[in-house]
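Open the model in your viewer and keep the selection panel at hand.

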Amino acid sequence: MALPSSPPTPDGATAQPDPGTAPLATAQAQLARAVEILGYDHDLHEVLATPRRELRVAVPLRRDDGRVRVFTGYRVQHNISRGPGKGGLRYAAGVDIDEVRALAMWMTWKCAVVDVPYGGAKGGVTIDPHAHSAAELERVTRRYTSEIMPMIGPERDIMAPDIGTNEQTMAWVMDTYSVNQGFTIPAVTTGKPLAVGGSLGRPTATSQGVVHTARAALRADGVELSEVSAAVQGFGKVGSHTARLLHEAGTRVVAVSDEHGGVRRDDGLDVPALLEHVAGTGSVTGFADADPLTNTDLLALDVDLLVPAAVEGVLDGTTAANVKARWVVEGANGPTTSEGDRILAERGIVVVPDILANAGGVVVSYFEWVQANQAYWWTEGEIAERLEQRMLASHAAVSALARAESVTLREAAMTIGVRRVAEAHLIRGLYP
Ligand SMILES: NC(=O)c1ccc[n+]([C@@H]2O[C@H](COP(=O)([O-])OP(=O)(O)OC[C@H]3O[C@@H](n4cnc5c(N)ncnc54)[C@H](O)[C@@H]3O)[C@@H](O)[C@H]2O)c1
């Protein structure tokens, strides 16, 4: 039987225009390489490559003006051998089943790399959140939650924010789930507001993890964050806090961008002032004391550290050839295509892969879930310390394997993640 390099799409989801650079192709190629390194056979590869469960739902929305529109939502559990599914919920106009499959697969390996007891899952609704009022987004969220209800739960599949969703979205999901069960169940989502069982440190956890791994990667080369310049693509939940934390660590942040464009200042952006500008205007563009630049130009800037923290596939065969940074630390999921990865590796650029670099979010999501299950809350200091310790230990294990086997950090991280999942699968055995 042919390997599911691109699993079947019986639901007729929109095909990606370029299958070579589509997120699912990238995710499947990364898995294939790990399987090759690990020497697994075709049968195990097929088990690891195939999502366990997928649900596609219609999400009818009564708009504020009374008209009705129907959106499409998905939830994919890629693998649940190591524990319940865990993964974000994305609201974006381009969401399709293959993107959700790729993101769910990356969650599987990510949870295994940082050794949290979860499988990998992801959800999405094909909707542009900027085109809807808060009331409409609440109705979409509640209907989507209600439609996927049989799949989720604190022991089944736990949601978190991703692109286009936030703490409020997670509160609506938690409330809808809880009301239907008849009692409050905070552990069905993470990334919630503190008032309903969120965790201290969760809003900045992904970015903290990016900065911990960036610091570790630089130190491996004898360099400190305070000695380098950086550019950050994406100024949302991950990118904005990453830029701020880098700025606080003494890094000269020379450029940032969002979907509207970017800004650049070679002697360093005033990141706190930029955060205020974004709070007021909704975009980094138009920030005083900085020059405009495009997202493509940002990737090619002459900086030491590049943090893609927006969307998938931005570092492809063309843009990767222009990267001048010495270190690329992936805040986003899947920002580098297979061809982009090959080019960066050939050029000796260190890439700290997404499944390690941005795992701080799922680590503190795990802490939030543990706290919710125990109904006992940790201090900010305890969370920060445990996050740092886990990120640095994971980075050290990945780096050691990369050195020992002469492979890239991505190959090493994938090898560790895939091996842990395969071990769990093999020990459990195949039912029936
Ligand atoms: N939120 C988390 O905890 C978390 C954890 C791990 C990984 N991630 C990943 O990080 C990335 C960003 O997620 P987020 O939660 O910050 O989302 P977000 O919606 O808060 O922010 C996304 C940012 O990217 C920008 N953007 C969107 N499309 C763009 C484009 N084509 N070019 C440039 N910029 C663009 C947006 O304007 C915004 O600034 C995603 O890949 C997500 O899967 C998020």
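Select the ligand and Thr206: a side-chain N or O atom of Thr206 is 2.8 Å from an oxygen atom of the ligand. This is a predicted model, so read each distance below as a value computed from predicted coordinates.

An N or O atom in the Arg90 side chain lies 3.0 Å from a ligand oxygen. Then show the backbone of Ala310, where an N or O atom is 3.1 Å from an oxygen atom of the ligand. How much of the ligand does the protein bury? On its own the ligand exposes 840 Å², and 84% of that is buried by the protein.

Now colour helix 6 (202–220) and helix 7 (237–248), the elements that contribute two or more residues to the shell around the ligand. Select the whole shell: 23 residues surround the ligand, with Asp162, Thr206, Lys237, Glu259 and Asn333 the closest. Colouring the shell by class gives 8 nonpolar, 8 polar and 7 charged residues.

Rolling a probe the size of a water molecule over the atoms shows where empty space is left. Pick the second largest pocket, which has a volume of about 600 Å³. To centre the view, select Val351, Val407, Thr408, Leu409 and Arg410, which lie nearest the centre of this pocket among its 26 lining residues.

Which elements supply at least two residues each to this lining? They are helix 1 (23–38), helix 6, helix 11 (338–346), strand 12 (350–352), helix 14 (380–405) and helix 15 (409–428). Helix 11 provides the largest share, 5 residues. Domain 1 and domain 2 each give at least three residues to the lining of this pocket. By class, the lining comprises 12 nonpolar, 7 polar and 7 charged residues.

Two backbone stops remain. Most residues other than glycine have a negative phi, and most peptide bonds are trans. Go to the loop between helix 3 (97–113) and strand 4 (120–126) and select Asp115. Asp115 is not a glycine, yet its phi is positive, about 55°.

Finally, move to the segment after helix 15 and select Pro432. The peptide bond that joins Tyr431 and Pro432 is cis, with omega about 0°.

Key: Residues numbered from 1 in each chain as written. Predicted model: local features only at pLDDT ≥ 70, side-chain atom pairs only at ≥ 80, totals over all residues. Heavy atoms only, no water. Near = heavy atom within 4 Å. Polar contact = N/O pair within 3.5 Å; in protein donor to acceptor, adjacent residues only side chain to side chain. Areas by Shrake-Rupley, 256 points an atom, 1.4 Å probe, with all protein chains shown as cover. Helix = DSSP H or I, 4+ residues; strand = E, 2+ residues; numbered from the N terminus. Nonpolar A, V, L, I, M, F, W, Y, C, P; charged D, E, K, R; others polar. 1 Å grid on protein atoms, 1.4 Å probe; cavity = no way out; pocket = protein on both sides within 12 Å on 5 of 7 lines; lining within 4 Å. Points joined across faces, edges and corners; volume = space filled by probe spheres on them. Domains from an automatic or database assignment.
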